[in-house]
Amino acid sequence: MSLRIVVCVKYVPDATGDRHFADDLTLDRDDVDGLLSELDEYAVEQALQIADEADDAEITVLTVGPDDAKDALRKALSMGADKAVHVEDDDLHGTDVMGTSLVLAKAIEKTGYDLVICGMASTDGVMGVLPAVLAERLGVPQVTLLSEVSVEDGTVKGRRDGDTATEQLEAALPAVVSVTDQSGEARYPSFKGIMAAKKKPVESLDLEDLDIEADEVGLENAWTKVDSATERPARTAGTIVKDEGEGGKQLAAFLAERKFV
Amino acid sequence: MAEVLVYVDHVDGAVRKPTLELLTLARRIGEPVAVALGAGAADTASALAEHGAVKVLTADAPEFADYLVVPKVDALQAACEAVSPAAVLLPSSAEAKEIAARLALRIGSGIITDAVDLEAGDEGPVATQSVFAAAFTTKSRVSKGTPVITVKPNSAPVEAAPAAGAVEALSVSFSEKATGTKVVSRTPRESTGRPELTEAAIVVSGGRGVNGAENFAIIEALADSLGAAVGASRAAVDAGWYPHTSQVGQTGKSVSPQLYIANGISGAIQHRAGMQTSKTIVAVNKDEEAPIFELVDYGVVGDLFEVVPQLTEEVKARKG
Ligand SMILES: Cc1cc2nc3c(=O)[nH]c(=O)nc-3n(C[C@H](O)[C@H](O)[C@H](O)COP(=O)(O)OP(=O)(O)OC[C@H]3O[C@@H](n4cnc5c(N)ncnc54)[C@H](O)[C@@H]3O)c2cc1C
Ligand SMILES: Nc1ncnc2c1ncn2[C@@H]1O[C@H](COP(=O)(O)O)[C@@H](O)[C@H]1O
């Protein structure tokens with residue numbers, strides 16, 4: 001039987017661009033280029049490797065996001081995923097992690113799955129908790145923050161490098177996995193891959209398709225509220241000296257003045 | 001006064017510093033009730049009482065060590081039902097964030113992660129967060145349910161505030177899903193003898209400019225002269241010069257020490273994301289155009305192989 005893998009990928013503003021907030025205190029997407037979150041490329045890569053090892057596997061990439069988010073799906077398809085699902089709806093603007101996880105869970109259930117693979121965190125929100133919440137919603141094991149992952153005989157195994165220890169984890173499928181940037185470099189799409197991606201199916205779904213009411217998602221119904229966002233004042237220009245043989249001593253004097261020595 | 005649940009991060013009963021910081025913040029909102037789980041849970045009580053815990057709820061069962069995350073979510077949920085707290089605070093470790101998020105969903109509450117400050121507000125606790133690689137500071141609150149908030153290390157001082165700290169057993173019945181993910185083996189990290197990276201008052205980091213694993217001895221010597229932790233950029237980690245557990249930045253540790261010293265690090269946005277909230281920032285870099293100099297309180301344009309050993313000697317001399 002075929003192994004059905006769903007990879008959750010997010011379309012994010014470029015971290016090296018000038019990111020800021022819109023008037024409603026959500027992310028302003030207008031002035032910054034978007035792209036497939038670099039940390040989700042690792043998830044696509046591990047999906048491709050797991051699919052390679054399996055007798056028969058199918059990889060679906062899934063995103064919840066605005067129209068432009070199709071770019072992220074295209075990139076994942078050109079890396080080698082088989083098909084894509086894009087959940088898009090005007091009512092989704094400003095949805096928080098609880099709402100996003102609901103939408104992803106419904107879309108994953110509708111698609112059908114044995115294994116869900118996420119990135120370790122999105123490069124804009126950086127909460128890093130969505131995979132755990134998704135596992136809770138789907139009622140399946142979470143095997144998260146893996147630096148190594150493999151699937152064999154209906155079991156997923158992986159290594160988790162925690163704060164105080166390294167753990168070897170194991171769970172029966174279906175399960176939700178997330179992988180870190182230590183899991184192995186993601187491949188670049190080949191020219192052939194880019195051409196092939198143009199013909200791969202991208203299914204569009206809206207909230208109605210997923211039986212989700214408008215009042216379960218969106219900024220107004222988020223379970224948290226941002227009251228203010230202020231730009232961090234530029235750090236006051238520091239002292240910069242050129243080392244002419246005494247740089248280390250000068251630095252030590254500064255540290256002493258600040259009472260660090 | 002309303003009770004505030006504080007999840008205790010401990011290793012065999014030794015309470016980690018971020019938990020003591022949480023108690024300081026919890027006291028701004030209400031009376032801290034600590035929840036300690038797993039082996040050594042009861043041994044945490046005296047340290048917690050000293051820092052303001054009025055009560056310490058403890059539970060120990062093999063499930064906490066043998067299965068990932070979910071048993072602890074079950075226990076915290078039981079604690080929420082027993083206490084009806086005004087808020088639940090957890091440290092921002094990778095594991096505690098996952099526990100927090102699953103708990104929040106179960107109890108129908110919003111979650112805020114990685115707060116750097118917390119105060120009481122008319123409509124519940126107000127959390128300060130630092131976002132977009134610390135370019136912005138936001139103030140947020142939970143608008144649904146019992147606020148669940150995770151707080152970064154070094155966000156508050158550790159304060160002595162003696163309280164009863166009465167130990168009470170928490171009764172937990174594990175959910176069917178608790179045993180879904182088995183921890184087959186666990187290898188504790190070997191201690192370097194230096195302070196924990198995220199907890200340290202001073203962090204000394206090395207990047208690609210250090211140019212080799214053996215040269216990290218120079219960075220370590222400076223760190224040791226200052227009693228500091230050692231950090232590394234991803235470039236240094238990817239090159240295999242220093243372990244990934246020491247990586248500072250977006251996909252490594254986020255640090256917020258009193259003093260951060262960057263050596264041979266250019267200051268890429270992903271590195272900044274993990275250190276920009278440091279109080280005082282110092283850099284040594286031979287390229288005067290390096291972006292790290294935009295952040296520094298004091299910068300030396302020069303060769304780290306000259307500057308750093310001289311600095312180490314001078315620090316030692318001054319310390320006598
Ligand atoms: C998704 C993603 C996540 C990432 N996460 C992280 C992260 O968590 N942490 C992180 O650090 N990076 C991260 N990066 C990588 C980041 O973009 C940079 O590539 C990295 O930080 C560069 O490390 P560096 O400053 O040591 O190296 P470089 O950028 O190569 O800089 C080396 C510096 O050393 C200086 N130098 C060289 N020799 C000397 C000398 N003898 N004396 C003094 N100075 C010298 C040079 O002038 C230069 O400025 C991430 C990237 C991506 C895409
Ligand atoms: N809008 C989204 N669409 C698809 N996947 C997402 C979305 N948001 C988050 N994810 C997935 O969840 C992971 C962690 O996200 P976060 O908790 O937001 O840091 C990401 O790496 C993605 O795999």
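The model is predicted, so local features need pLDDT of at least 70 and side-chain atom pairs pLDDT 80 or more, while totals for chains, interfaces and linings use all residues. Residues are numbered from 1 along each chain as its sequence is written, chains are lettered from A and ligands numbered from 1 in the order written, and side-chain values use heavy atoms, without hydrogens or water.

Start with H1 (residues 38–53) and H2 (residues 70–79) of chain A. Helices here are DSSP runs (H or I, at least four residues), and strands are E runs of at least two, numbered from the N terminus. H1(A) and H2(A) pack at about 30°, with their axes 10 Å apart. Axes are lines fitted to C-alpha atoms, for helices over the stretch in contact, and angles run from 0 to 180 degrees between N-to-C directions. The two helices are therefore roughly parallel. That term covers angles under 35 degrees; over 145 is roughly antiparallel, 65 to 115 roughly perpendicular, and the rest oblique. The crossing of H1(A) and H2(A) is right-handed (the near helix is turned clockwise from the far one by less than a right angle). H1(A) contributes Glu41(A), Val44(A), Glu45(A) and Leu48(A) to the contact, and H2(A) contributes Lys75(A), Ala76(A) and Met79(A). Contact means heavy atoms within 4.5 Å. These residues divide into four nonpolar, no polar and three charged. Ala, Val, Leu, Ile, Met, Phe, Trp, Tyr, Cys and Pro count as nonpolar, Asp, Glu, Lys and Arg as charged, and the others, Gly among them, as polar.

Now take H3 (residues 97–111) and H4 (residues 130–138) of chain A. They pack at about 55°, with axes 9 Å apart. That angle makes H3(A) oblique to H4(A). The crossing is right-handed. Among the contact residues are Leu104(A) and Ile108(A) of H3(A) and Val133(A) and Leu134(A) of H4(A). The contact of H3(A) with H4(A) divides into 10 nonpolar, two polar and two charged residues.

Chain B has nine helices and 17 strands. Its C-alpha atoms fill a box of roughly 60 × 45 × 40 Å along the principal axes. Of its 320 residues, 59% count as buried (under 20% relative accessible area; exposed is over 50%, partly exposed in between; 1.4 Å probe, protein chains only).

Ile292(B) lies in the loop between strands S16 (280–285) and S17 (298–301) of chain B. Ile292(B) is buried, at a relative accessible area of 0%. Beyond neighbours within four places in sequence, its contacts include Ala262(B), Ile265(B) and Met275(B). Arg272(B) is 20 residues from Ile292(B) in sequence and 8.2 Å away, C-alpha to C-alpha.
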